[in-house]
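Keep the model in view while reading.

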Amino acid sequence: MRRLYVAVIIVVAVFATASTGEAADYRTRNFLVQAPNAQLARTVGDAAERYRDDLSQYWLGRRLPPWSSPCPVRVVAGNLPAQGVTTYNRSPVRDFQMEVVGTPERILDSVLPHEVTHTVLATHFGRPLPRWADEGIATTVEHPSERQKHEHKLREFLRTRRGIPMNKLFLLTEYPSDVLPMYAQGYSVCSFLIEQRDPETFIAFLEDYMKHPSWTSNIQKHYGYDSLAELQDYWLSWVADGSGPVEKFAKNSALPTNSVQPLPQAIRSNPQPGRPIGSVASNATTATAPGSTAPGSTAPATTLASTEPGGWYMRQKREAGKQPSNDRKPEAIASESSNSRLMPPSVRNNPRYMSAQPQPEQGMSRPSSIY
């Protein structure tokens with residue numbers, strides 16, 4: 001088992017007292033950073049290089065060769081919500097540009113690894129990934145506090161019926177009009193699958209789909225689920241159980257579980273052994289895997305199964321059927337919806353391919369259950 005370590009030293013006091021008149025550039029082998037001051041520029045540039053090496057090793061099992069030209073990184077530091085954007089030309093993938101926004105601390109421990117992950121994946125695949133996977137993977141390497149927000153939001157979105165059925169989520173090629181549930185759900189589904197095997201298996205799963213675009217056959221091959229509907233049943237039961245250990249929710253017991261590599265140290269979480277940060281076991285409904293029932297309880301598949309008339313997926317399908325025929329398509333681009341206001345200014349009307357972290361909703365209350 002490979003263990004990766006990334007150390008990011010943050011001198012917040014120095015960054016906070018620097019004036020905008022001290023703007024500086026810093027060049028590394030693969031990044032050209034523009035920041036409010038020289039120390040922040042150097043720290044971001046050095047961290048970006050470490051993340052590029054360590055995250056490519058983590059996801060791909062190898063380090064990427066240098067890019068032909070450095071990726072410009074614009075740093076907007078201040079008391080701002082953490083967000084970022086990476087754009088590039090897609091045919092072929094080249095000319096990355098990045099903008100990272102937030103406090104210096106959140107830039108270094110969340111936004112930067114998120115955006116660098118986008119560049120690693122785009123370089124490896126040579127084209128964009130499906131949105132749920134691209135954003136979901138990148139979110140798994142954020143700071144525990146940021147991942148915890150997605151855990152809490154996911155339960156709120158499912159409770160208020162803003163969840164996205166798997167057969168719709170997996171086919172998204174652009175941001176949906178309601179973009180925030182896609183981030184939370186994509187992160188959760190990626191975590192669910194990655195923890196059943198390992199990061200490289202998940203990448204192989206996506207590679208097979210890119211070559212042979214059938215989610216059904218590839219989810220069967222790599223994870224043993226018969227269909228996306230069945231994956232959805234098991235995933236929802238896992239979420240209801242607090243998003244904890246995945247062993248009893250792995251469909252194919254012959255597949256090895258818990259072989260996942262630990263994340264780089266700077267982005268690890270596990271305040272309680274065996275339970276990821278953001279889990280709400282004390283508030284979540286007790287659950288068992290679909291097809292099994294704990295003593296004195298009802299299997300959550302009865303409530304959540306996508307094929308049940310009262311299940312979450314069928315409710316979503318009925319709601320979709322009530323929408324006007326000219327309603328926006330699932331592939332609607334974020335800039336065409338009200339959610340474009342959540343994106344950094346450089347995203348709006350940008351002709352290049354983009355991956356962007358939207359500003360999170362404010363005032364999100366923590367629900368008592370996911371129903």
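Seven bridges join β4 to β5, and the two strands run antiparallel. Helices (H or I, at least four residues) and strands (E, at least two) are DSSP runs, numbered from the N terminus. Two strands pair if DSSP finds at least two bridges between them. The model is predicted: local features need pLDDT of at least 70, side-chain atom pairs count only at pLDDT 80 or more, and totals for chains, interfaces and linings use all residues. Residues are numbered from 1 along each chain as its sequence is written, and side-chain values use heavy atoms, with hydrogens and water left out.

β4 and β5 form a hairpin, with two residues between them. Within this pair, Thr87 stands opposite Gln97 of β5. β4 also pairs with β6, again in the antiparallel sense, over five bridges. Here Thr87 faces Met354 of β6 as its opposite residue. Strand β4 is mostly covered: six of its eight residues are buried, meaning under 20% relative accessible area, where exposed is over 50% and partly exposed lies in between (1.4 Å probe, protein chains only).

Now take the whole sheet. It is open and has six strands, in the order β1-β2-β3-β5-β4-β6, with mixed pairing. β1 (24–27) and β6 (353–357) stand at the edges with a single partner strand each, so one side of each is left without a neighbour in the sheet. From one strand to the next, the twist averages 15 degrees. The parallel part includes β2 (residues 31–35) and β3 (residues 71–77), joined by four bridges. Val33 has Val73 of β3 as its bridge partner.

Two helices lie across these strands. Helix α2 (residues 38–60) lies across β1, β2 and β3, at about 150 degrees to β2. Helix α3 (residues 104–125) lies across β2, β3, β4 (83–90), β5 (93–102) and β6, at about 165 degrees to β5. Axes are lines fitted to C-alpha atoms, for helices over the stretch in contact, and angles run from 0 to 180 degrees between N-to-C directions. Contact means heavy atoms within 4.5 Å.

How do the helices meet? α2 and α3 pack at an angle of about 45 degrees, with their axes 8 Å apart. That makes α2 oblique to α3: angles under 35 degrees count as roughly parallel, over 145 as roughly antiparallel, 65 to 115 as roughly perpendicular and the rest as oblique. Residues in the contact include Leu40, Ala47 and Trp59 of α2, and Ile107, Leu112 and His124 of α3.
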